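Hi,

Here is the structure I promised to pass on.

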Amino acid sequence: MALVEINNVHKSFGAVEVLKDVSLSVEEGEIVTIIGRSGSGKSTLLRCINALEPINSGRITIEGQQVAAGMRNLKELRQRVGIVFQAFNLFPHLKVERNITLAPTLTGRVSKREARALALECLTKVGLAEKIDAFPEQLSGGQQQRVAIARCLAMRPHLMLFDEVTSALDPELVGEVLKVMEDMARQGMTMILVTHEMNFARNVASKIVFMHQGRVWEEGPPSKLFTNPQTPELKAFIGSTRHN
Amino acid sequence: MRSLSTIDLIAFATGLQYTLLLVLMALAFGAPFGLFLALLRTANMAVLRWASALFLQVVQAVPLLALLMFFYFGLPVFLGIQIPALAAVTVAFTIYTAVFLGEIWRGGIEAVKQTQWEAAASLGISRWQQFRYVIAPQAFKIALPATVGFLVQLIKGTSLAAVVGFIELTRAGQLASAATFQPLLVYSVVAAIYFAICFPLTLWSRNLETRLNGSR
Amino acid sequence: MGNLNFRPLWRYEDAFIEGILNTLWLTVIAAGIGLIIAIACAAILRSGPKLLRYPVLGYIELIRNTPPIIQIFIVFFVFPGFGIRLPPFTAASIALALYFGAYAAEIIRSGLDSIPRSQVEAGHCLGISGFQVFMHVVLPPALRNIYPSITSQFVLLLLGTSIASQISAEELFHTAGVVESRTFRSFEIYALIAGIYVCLVMAFRVFFAALGRLAFRWPTRR
């Protein structure tokens with residue numbers, strides 16, 4: 001059974017339907033990259049997977065468990081699904097260590113004594129062990145985003161969602177974040193990401209999903225989608241992103 | 001003992017006129033003084049900035065009631081002269097208005113980016129012209145919500161003139177209360193009158209604030 | 001022009017000190033009770049039942065748009081109507097607590113609103129409870145945003161307690177009136193009183209600044 005199953009999902013904001021009959025399945029260990037123009041519903045889909053947005057109809061299951069906004073074990077579900085945001089969303093009043101250990105200690109998964117070791121372990125994975133005692137505002141954008149990734153890793157998630165995580169970064173800081181994500185992909189983490197980094201999508205993803213006007217327009221392995229797009233919309237989209 | 005009647009309502013109306021007179025006087029004298037203080041607070045010379053900051057800090061740390069008492073009872077005794085009640089309370093409210101507006105307008109001036117001063121200076125106009133034509137219009141817009149908010153504070157503040165016997169709305173209420181022995185009714189009516197004046201201003205100030213935040 | 005003579009006032013040193021202590025006591029009581037009122041109001045406005053929100057909004061607007069002196073008069077005269085005799089000091093405490101509560105409620109509400117939704121979301125995504133998100137993610141930065149306004153409101157309250165003298169509550173300003181009626185040194189008395197308030201306010205400002213630096217150590221956006 002697939003890790004994530006999305007079946008016939010509809011989602012509207014008021015009168016605007018942003019997701020129209022979206023279906024998608026993600027196997028364990030897959031790296032799924034969602035591409036498309038802004039307003040195509042990519043980010044909304046990601047947010048629905050984590051129940052940040054309620055869906056109007058359809059069905060989303062993670063590891064066989066149905067996701068719903070008001071569900072009883074939403075907390076447990078979210079401990080298994082990490083999400084990294086475009087704007088980092090680190091907590092400014094907490095040091096890097098506490099940002100990472102907040103959820104694991106509050107949920108009782110690790111003791112206060114083990115917490116620092118956990119923080120150190122996760123920071124090492126993103127190459128920032130020396131920043132354990134810094135405050136978020138003392139870090140560059142790229143470093144903040146890597147800490148945000150480390151914060152997710154500390155929950156030992158089974159699935160990670162990345163919502164345009166490099167879009168708010170200065171160009172020279174994008175590389176360090178992408179490298180961390182590549183490392184995670186290589187270690188077998190299941191990932192769903194929304195991105196504008198076409199090279200990353202081409203080289204790292206196992207599956208590309210092209211969204212257009214709230215629908216899954218085309219999907220398949222990168223080799224197929226990028227070299228042989230079937231629809232004029234995807235052709236136009238690839239054409240418009242060629243130079244980056 | 002008598003009940004609350006038309007006589008009292010007429011007295012309230014007269015009192016209200018004096019309340020508004022006090023507000024107008026305070027603004028007429030206090031606003032230019034406040035602008036002067038705001039300019040000192042944002043002056044290039046550090047001495048001026050420090051001196052005006054000290055003045056603002058000290059006066060804002062004195063209760064309005066103490067200012068009123070000082071100018072109504074204290075100063076005339078010291079100088080050995082008679083000062084008309086209206087003059088004494090006007091001086092107190094003028095100073096009160098000046099320090100608050102000075103502080104609000106300083107904030108407005110400082111909220112305009114330094115680059116605007118530089119851009120204006122590069123046009124070869126005088127420092128006053130830079131302020132008058134480039135900075136002030138922008139600062140005014142930024143400071144307007146807080147200025148209207150202060151107007152509400154000033155209207156409420158004039159009620160303290162009653163304490164020195166100046167017959168404005170609150171004092172008229174005290175007199176009616178003493179005549180009718182119905183303090184609760186009388187003060188509720190007086191409160192309602194204040195509310196009827198202040199609340200629309202509060203709404204206006206809030207509206208300006210929302211629009212300002214929307215446009216930035 | 002008269003001559004300055006503060007000497008007659010020294011005989012009333014004890015009265016002034018008692019006045020200062022009473023003023024501080026009145027301020028602290030009103031601020032304490034007012035803060036409880038404010039937190040309750042902010043909680044209702046944020047997530048209470050709709051039916052309770054309108055009375056709370058009404059209370060806040062009523063207090064903010066009428067003079068404190070009228071509020072004190074009303075509180076002072078409302079209780080005898082029910083046959084309860086309240087000492088002036090108690091009446092003044094209640095009135096000033098209601099006054100402070102309305103302003104503080106507004107400050108707390110906007111402080112909580114100032115925390116971006118994205119922070120709350122990020123907290124929820126970590127799989128911790130709503131209460132934990134509030135306590136660990138929302139509250140600390142909100143307190144920092146609230147701190148400057150709430151401390152200046154406290155200073156305004158301190159100055160506002162002087163109005164309690166108008167119902168003969170025995171605080172510092174009342175002392176001034178008593179001493180004035182015995183010495184007739186109006187100028188010196190009100191200059192002295194003004195000076196005392198300035199000292200009290202400065203002392204609190206320094207204290208609050210130090211406390212703020214101690215409590216909020218994390219750097220903010222440059």
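Let's start in chain A, where helix H5 (residues 141-153) lies across strands S6 and S7 and runs at about 170° to S6(A). Helices (H or I, at least four residues) and strands (E, at least two) are DSSP runs, numbered from the N terminus. Axes are lines fitted to C-alpha atoms, for helices over the stretch in contact, and angles run from 0 to 180 degrees between N-to-C directions.

Before going on: this is a predicted model, in which local features need pLDDT of at least 70, side-chain atom pairs count only at pLDDT 80 or more, and totals for chains, interfaces and linings use all residues. Residues are numbered from 1 along each chain as its sequence is written, while chains are lettered from A and ligands numbered from 1 in the order in which they are written.

S6(A) and S7(A) (residues 159-163) run parallel and are joined by four bridges; strands count as paired if DSSP finds at least two bridges between them. Val81(A) sits opposite Leu159(A) of S7(A).

Both strands belong to an open, mixed sheet of six, in the order S6-S7-S8-S3-S9-S10 of chain A. Its edges are S6 (81-84) and S10 (215-220) of chain A, each pairing on one side only. On average, neighbouring strands are turned by 20° against each other, direction ignored. Helix H1 (residues 42-49) of chain A also packs on the sheet, touching S3 (31-35), S7, S8 (190-194) and S9 (207-212) of chain A, and its direction makes about 145° with that of S8(A). Contact here is C-beta atoms, placed from the backbone, within 7 Å.

Over to chain B and its helix H3 (residues 64-79). Its 16 residues should span 22 Å at 1.5 Å a residue, and the end C-alpha atoms are 21 Å apart, which agrees; the expected span is 1.5 Å times one less than the number of residues. H3(B) bends by about 40° at Phe70(B), taken as the angle between axes fitted to the seven residues ending there and the seven starting there. Phe70(B) is also among the buried residues of H3(B), which include Leu64(B) and Gly74(B) (buried: 20 or more other C-beta atoms, placed from the backbone, within 10 Å of its own). Their cover includes H4 (85-111) and H6 (127-157) of chain B, plus H8 (172-183) and H9 (186-215) of chain C. After H3(B) comes Gly80(B), with a positive phi near 70°.

Finally, 19 residues of chain C meet 21 residues of chain A.

Cheers

Note on methods
Contact = placed C-beta atoms within 7 Å. Buried ≥ 20, exposed ≤ 12 C-beta atoms within 10 Å, placed from the backbone.
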